[in-house]
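The sequence and structure come first, then the briefing.

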Amino acid sequence: MPLKFAVVCSSNQNRSMEAHAILGKKGLNVKSFGTGATVKLPGPAPDKPNIYDFKTTYEDMYQDLKRKDRDLYTQNGILHMLDRNRRLKPKPERFQSSKEKFDIILTAEERVYDQVLEDFDTREEETQVPVHIINIDIQDNHEEATIGAFRFSSLAMKLESAEDLENDIDELIQSFEHEMNITVLHTVCFY
């Protein structure tokens, strides 16, 4: 049976949605989430982000930023990112609000990895079904988001093709770390 993947990042939707797009194109069963209280997108200055509630659709964000400063948000790639996002799903989703179960949860920064682990610590274990939480640090910019999405994709394809995920995962991750020359965090939690 195909694995079910979640890609979880902070409140900025670039890394998780880029990975969502790449994994989806590979035919993997994937959803994407944020962990923040709100969705934060770059604004006209570093101390002036655009903040949206998770109920706000990507279409509404796109139209709002286009109205505020079309040139700025085109130049910095935010309108392009939101255009991609609105083609993948209607609106962002918050991981802590989801009741869905996944086989693999991929995170793009250690802080988010810790938030996901913390969320599992507060959940009541129901089924003893394992979920593998895996972190690969990805810088939060467009170029690194793309590189990171391809790394997630490479790892996901290895995991998807495993004959016995529970027995093979440690070896697959070690091989991936060596191949990519990166460090990967991995923890098993239970639903």
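**Fold and helix packing**

In sequence order, the elements of the protein chain run β-α-β-β-β-α-α-β-α-β-α-α-β. That amounts to 6 helices and 7 strands, where helices (H or I, at least four residues) and strands (E, at least two) are DSSP runs numbered from the N terminus. This is a predicted model, in which local features need pLDDT of at least 70 and side-chain atom pairs count only at pLDDT 80 or more, while totals for chains, interfaces and linings use all residues. Residues are numbered from 1 along each chain as its sequence is written, and side-chain values use heavy atoms, with hydrogens and water left out.

**Overall dimensions**
- The C-alpha trace of the protein chain spans about 50 × 35 × 30 Å along its principal axes.
- Of the 191 residues, 46% count as buried (under 20% relative accessible area, 1.4 Å probe, protein chains only).

**H1 against H5**
- The axes of helix H1 (residues 14–25) and helix H5 (residues 142–160) cross at roughly 45° and come within 8 Å; axes are lines fitted to C-alpha atoms over the stretch in contact, and angles run from 0 to 180 degrees between N-to-C directions.
- From H1, the contact (heavy atoms within 4.5 Å) uses Asn14, Arg15, Glu18, Ala19, Ile22 and Leu23.
- From H5, the contact residues are His142, Ala145, Thr146, Ala149, Phe150, Phe152, Ser153 and Ala156.

Terms used. Buried means under 20% relative accessible area, exposed over 50%, partly exposed in between (1.4 Å probe, protein chains only).
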